[in-house]
Amino acid sequence: MTAPSTSSATSASGNGSLPSQALWPADDVLILRKRPVRIGTPPSRMSRFGDELWHVQPAHRDAHLQISAISWSSFPGALRQHFRTFFLAALDHPVPVEPGGRQRPAEQASIGSLPYWVIDMRVLALWLDEQGFHDLAEVRDADLETFRAYVLGLDRNGRRKSDLITALRVLWLFSEHMPAQCRLDCDFPWAGQTAKEVVGAPAGTGRENKIPRIAEDTMEALLAWVLVMIEEVGPDIRDAWHEYHQLEAGRHHSQTRYTGTREQRLRAYLSYCRKQGVALPGHEGGDINHGHIKRLIGIPKAHRQGVSVRMLGLVADSGLPVVPFTGIGRITGQVHGRPWREHPITVGELPTLVRLLSAALFTAVCYLSGMRPGEVLNIRRGCRDSDEATGELLVHGFRGKGFDRFPDKPDVSEPLRPWVVVDVVHSAIGILEELHDLPLLFPSSLTNAHDQRPATVNARTSRAMNDDIQDLISWINSIYRRADSGAPIPADPAGRINATRYRRTLARFIVRKPRGLIAAALQYGHIRTKVTLSYAGYADPSWLHDIAVEKLELIIDQVEQDSERLAAGEHVSGPSADEYRVRVERTASFEGRVVTSAGSAERLLEQTDPAIYHGQGMTCVWRAATAACRKAKLALGLPDDDTPDESECRSSCANLAYTDRDIEDVNADASGIVPTLSTHWHPGPGATARRRRPLSCRGSSTATKYKASLTPGEGPHDQPTPPGPGSRTRRASGRSRPPPGRHTPALSLRETHRLRAAARVRPPARCRLRRPQGPRRRIPGTSQGTTLHSRRDARTRRT
């Protein structure tokens, strides 16, 4: 039995009389008596066995989840006490191992799983009630087939039908912890078969990752604007939020000049406004905001109701102008040399802007770290750190998956795990820590937290954060416009943006374009190294599986494109040209194989990878024995790996090949470098005479050198061959293999990085300030403001 009972028989309301010979749990038994509960849980949330609502959320670790309470009114009255007893046993004890079972022993049911158990157990309870059962002990072996036939006739998919079979089995397994009336009088249901086999459902987990990735244009634009929020807009919102709370509490330094009675304070304020030329705060209709004036002069909130006739007369006789808004703080942030808005943030829109800023900071942390949304929502103040040995930036948090995760106790806490991140993530967390003083960085609400979810111990829910992200995008698109009148953040073809899509999108980006410049000159290659290695040391393979699947899809796309171009007559030159053709033809002949898991994807990746890496201006046909980058690392005593190393790439390497696309890239780079770098010299002391030549001259000569090296029959690179059917240029398609280095063949990769940093090859987008034309959408609580029209989605910074 689950618990020693002090009564021989108890009954819940509406249940009728229960057998007196069995001992049942007493109504006052705490349901979470054997589970750790979250610190600070109020007594009202500690449910007891006889309650009609069971609150189980206090036993869940995550502060962002809202787990539904178990409502017993939806269970049939005759069996309500039986299923109450079952769920108390499930809360008290580990799930017993089934006969010949596969699960590990001593696994306690996760609190997050209980709502799903309730759904399935309710279906089972209603069926039993319809069949006329009043005790679970009345169920015999013959009834099992009747239930199976009932399940097969339900309008559910195979996985959901198998869940009902599993529910019946779990009920049988807990028999040893329940009174005799709750024990199914039958053998273990369908022993020797899996639940899916019982209902004829296909084998497999059925949990393949179907989350759609965010489109490249949408994600890069969103990330660019998130960085603008962090660097320019966010500090102004943070400062205005602090100033508002200081004024509200009477602690702002400006309020020290106002003393005495309310009338004396008002006179001092009006005198100050005349001397400083400050207008009175107002509303959109032109009326004076008397409430904010009383806030400014330090009148406590409890005494701000009403305005005396004498005070109204003083304000009316002052002759001071009135602005149609109530501003707070100052605008210091700039976008391309201009303030991001014309007038200060208003008191009315401040809570909304704080919420949108929090959504922007969440996006930066979640997307650029690879953390799960729930893991980000549960990070706490003081989570930033750095590795003393390597200098890497860290974020400490709690793992977001696992049945064995329990709330902290006063003297025991779950071990923290570190995530290695880039500096932008640390900057975002820094603003969050300055925005408020609550323990959770993403509290349930900074403005109007519900009594049942106080911000001190509860985080914002995933659904609320997804709404905030959507509101952030809508606000940016309604306030700002590109020069072509398009939305700064284009709509995603797959629909609404939500946090669960960030992680998979990052996996795709770091595989597809690890060295492509994005907003603020972050490099996906840098993120790839840090995030992937961070996950490699933990029992959380899902991220690495995502990377493997993305790599496999990339190789399939790349080989298809390379094969089509060769068939259409694309020319290839260089020391590894022949090997390039052989590998492409061999891989293109592979007809494919069914991939049913991430592990299959990893094995197929090892078998089919042609090890061809397309760069800008060159292609690496990787062979470890002849790789110049590998030799350079070994000569320095550094460990080598089985992929090109961009930091040691050499233009003299025997692994290089040059396609028509590479020569086009070289020409494009040379033409872009000439006007930009005509006066720039290569930096660095001790440079050779060759390095002292203008870099633009070196880049231009590179294309000439490699065009001249081709024989007439090898390919007219000065007249590019038209692409093959269905093919696209590599830049437009975004399907290029992670390049071993973004450089022209005459330059080392390090020289190229310095060249691009000095030249700002991708200059920041230019913005111009003007009034918006026509109506535009607004988020409630925000002012009309000024529109910044950008010629690009957002600005970029130098690497």
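Author: A helix axis here is a line fitted to C-alpha atoms over the stretch in contact, and angles run from 0 to 180 degrees between N-to-C directions. The model is predicted.

Reader: How many helices and strands are there in the chain?

Author: The chain has 799 residues, and 50% of them count as buried. Among contacts with a separation of 6 or more, 69% join residues 24 or more positions apart. The count for the chain is 23 helices and 16 strands.

Reader: Is α6 roughly parallel or roughly perpendicular to α12?

Author: Helix α6 covers residues 216-249 and helix α12 covers residues 423-435. Their axes are 10 Å apart, at an angle of about 10 degrees. Angles under 35 degrees count as roughly parallel. Therefore α6 and α12 are roughly parallel.

Reader: How many charged residues are in the contact of α6 with α12?

Author: On the α6 side stand Leu227, Ile230, Arg238, Trp241 and His242. They meet residues of α12, including Val424, Ile431 and Glu434. By class, this contact of α6 with α12 has 7 nonpolar and 2 polar residues, and the charged ones number 2.

Reader: Is α10 roughly parallel or roughly perpendicular to α13?

Author: Helix α10 (residues 350-369) and helix α13 (residues 462-479) have axes that come within 9 Å. The axes cross at roughly 105 degrees. Angles of 65 to 115 degrees count as roughly perpendicular. So the arrangement of α10 and α13 is roughly perpendicular.

Reader: How many nonpolar residues are in the contact of α10 with α13?

Author: Helix α10 brings residues including Leu353, Arg355 and Phe362. Helix α13 brings Met465, Asp468, Ile469, Asp471, Leu472 and Trp475. The contact of α10 with α13 has 2 polar and 3 charged residues, and its nonpolar residues number 9.

Reader: What is the handedness of the crossing of α6 and α10?

Author: These two helices pack with axes 8 Å apart, at an angle of about 135 degrees. That angle makes α6 oblique to α10. The crossing of α6 and α10 is left-handed.

Reader: How many residues of the contact of α6 with α10 are charged?

Author: Among the α6 residues are Met219, Leu222, Ile230 and Trp241. Among the α10 residues are Leu350, Val354, Leu361 and Tyr367. The contact of α6 with α10 divides into 21 nonpolar, 2 polar and, for charged residues, none.

Reader: Which residue in β9 stands opposite Val395?

Author: Strand β7 (residues 384-386) and strand β8 (residues 393-397) pair in the antiparallel sense over 3 bridges. Arg384 stands opposite Val395 in that pair. Strand β8 also pairs with strand β9 (residues 417-421), again antiparallel, over 5 bridges. In β9, the residue opposite Val395 is Trp419.

Reader: Which residue in the hairpin of β7 and β8 takes a positive phi?

Author: The hairpin of β7 and β8 has 6 residues between the strands. The positive phi is near 80 degrees and belongs to Gly391.

Reader: Which strands stand at the edges of the open sheet of 4 strands?

Author: The order is β11-β14-β13-β12, with antiparallel pairing. An edge strand here has a single partner, so one side of it is left without a neighbour in the sheet. The edge strands are β11 and β12.

Reader: Which residue in β14 is the bridge partner of Val572?

Author: Strand β11 pairs with strand β14 (residues 656-659) in the antiparallel sense. That pairing runs over 2 bridges. The partner of Val572 in β14 is Thr659.

Notes. Residues numbered from 1 in each chain as written. Predicted model: local features only at pLDDT ≥ 70, side-chain atom pairs only at ≥ 80, totals over all residues. Heavy atoms only, no water. Parallel < 35°, antiparallel > 145°, perpendicular 65-115°, else oblique. Contact = heavy atoms within 4.5 Å. Nonpolar A, V, L, I, M, F, W, Y, C, P; charged D, E, K, R; others polar. Pairing = 2+ DSSP bridges. Left-handed = near helix turned anticlockwise from the far one by under 90°. Buried < 20%, exposed > 50% of the residue type's maximum accessible area, 1.4 Å probe, protein only.
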